[in-house]
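Please look over the structure shown here, and then follow the questions and answers below.

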Amino acid sequence: MGIELLGFQTTIASPVTLKGIGVHSGSEVEITFHPAEADAGIVFQRVLADGRVSEFKAVSSQVGNTDLCTVLGLSPATSIATIEHVMAAIYALGLDNLLIEVHGAEMPIMDGSSEPFIEAIEQSGIQALAVKRRYIRVLKPVRVESGASWSEFMPYDGMRFEVEIDFDCPLIGRQSWKGDLTPAVFKRELSRARTFGFMRDVERLWAGGFALGSSLENSVVISDDNTVINVEGLRYADEFVRHKTLDAVGDLSLAGAPFLGCYRSYRGGHKMNANALKALLSDPSAYEVVETASQRQRTRSRDMVAVAATGFAPWSA
């Protein structure tokens with residue numbers, strides 16, 4: 001049968017604002033989601049201290065650093081960091097066009113998951129637009145490797161993620177999550193999974209100017225004796241791999257259009273996700289651009305048809 005897909009583009013119905021702190025900077029951040037017209041894409045605008053604005057389209061070509069989070073832009077003075085949790089919510093709910101006004105250098109971490117962003121978007125409401133939505137359909141396997149880690153895109157009738165992690169930590173060990181991505185699946189199985197880290201890494205991160213806003217309110221912290229420090233414990237028994245999957249959803253949203261295929265990874269992360277996406281998009285024989293053949297808002301992968309898409313390359317904007 002295949003999962004249902006959106007046949008037409010969307011945006012939000014009205015502006016909505018969130019406030020919080022940046023997990024790395026420790027500084028207060030305010031962001032506002034604004035509706036945008038069809039074909040605008042997801043655009044971030046950082047308002048600088050002097051009133052100037054740095055603007056980035058949320059696409060692969062704009063990605064800078066991917067060491068600890070996903071960053072748009074190359075200069076810390078103008079870049080926008082930690083976008084993956086916001087983008088995962090946007091992608092999973094099927095939003096195509098959005099202007100995100102940012103007062104700060106990174107997204108607010110909120111509780112370390114995507115759930116607050118899901119709630120904000122649903123509070124605003126999602127509005128359908130009268131322009132067909134295009135998808136990137138994977139036609140052949142594309143794989144990248146780095147040491148023992150690997151990631152790959154495979155042809156698949158839908159939008160699927162298969163993520164496996166393997167940590168040298170008895171609390172985590174080897175975990176996997178597999179599933180077709182729909183708004184309901186993301187909200188139920190992935191959206192509440194929080195970012196996590198180890199106490200043994202804290203001093204090193206602080207010394208490098210990172211994780212200054214990290215706390216038990218926005219991160220799962222693992223102690224030196226391999227137990228969870230947070231008094232409330234885990235939200236899912238395998239919260240660690242679910243959060244890594246959430247990150248992958250956010251990172252792959254930077255294709256600039258939703259993909260139809262299966263994304264698989266083993267011991268991946270932001271850098272591996274970014275490299276796999278770039279490998280796919282750099283090979284025109286590995287994908288085709290498709291859209292629905294019907295006039296219905298809901299459609300299925302089998303109803304998608306290839307379209308002549310000269311100049312359609314949102315990932316390189």
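Q: In which helix is the place of histidine 270?
A: The model discussed here is a predicted one. Within this model, the stretch of residues 270-281 forms a helix, and the place of histidine 270 is in that helix, H6. UniProt, in an unreviewed entry, puts the feature "active site" at His270.

Q: Is histidine 270 buried or exposed?
A: A residue counts as buried when its relative accessible area is under 20%. Because the relative accessibility of histidine 270 is 10%, this residue counts as buried.

Q: Which threonine has a side chain joined by a polar contact to that of histidine 270?
A: Leaving aside residues up to four places away in sequence, histidine 270 touches Thr66, Leu68, Cys69, Thr70, Glu84, Asp247 and Asp251. A polar contact of 3.4 Å joins the side chain of histidine 270 to that of threonine 70.

Q: How many residues of helix H1 are buried?
A: Helix H1 spans residues 84-92 and is mostly covered. Among its buried residues are Glu84, His85 and Tyr91, and Glu84 is also one of the residues that histidine 270 touches. The count of buried residues in H1 is 9 of 9.

Q: Which residue in E4 is the bridge partner of leucine 18?
A: Strands E3 and E4 run antiparallel and are joined by 6 bridges. In E4, the bridge partner of leucine 18 is isoleucine 31.

Conventions: Residues numbered from 1 in each chain as written. Predicted model: local features only at pLDDT ≥ 70, side-chain atom pairs only at ≥ 80, totals over all residues. Heavy atoms only, no water. UniProt positions renumbered as here; feature names shortened; annotations may be inferred. Helix = DSSP H or I, 4+ residues; strand = E, 2+ residues; numbered from the N terminus. Buried < 20%, exposed > 50% of the residue type's maximum accessible area, 1.4 Å probe, protein only. Contact = heavy atoms within 4.5 Å. Polar contact = N/O pair within 3.5 Å; in protein donor to acceptor, adjacent residues only side chain to side chain. Pairing = 2+ DSSP bridges.
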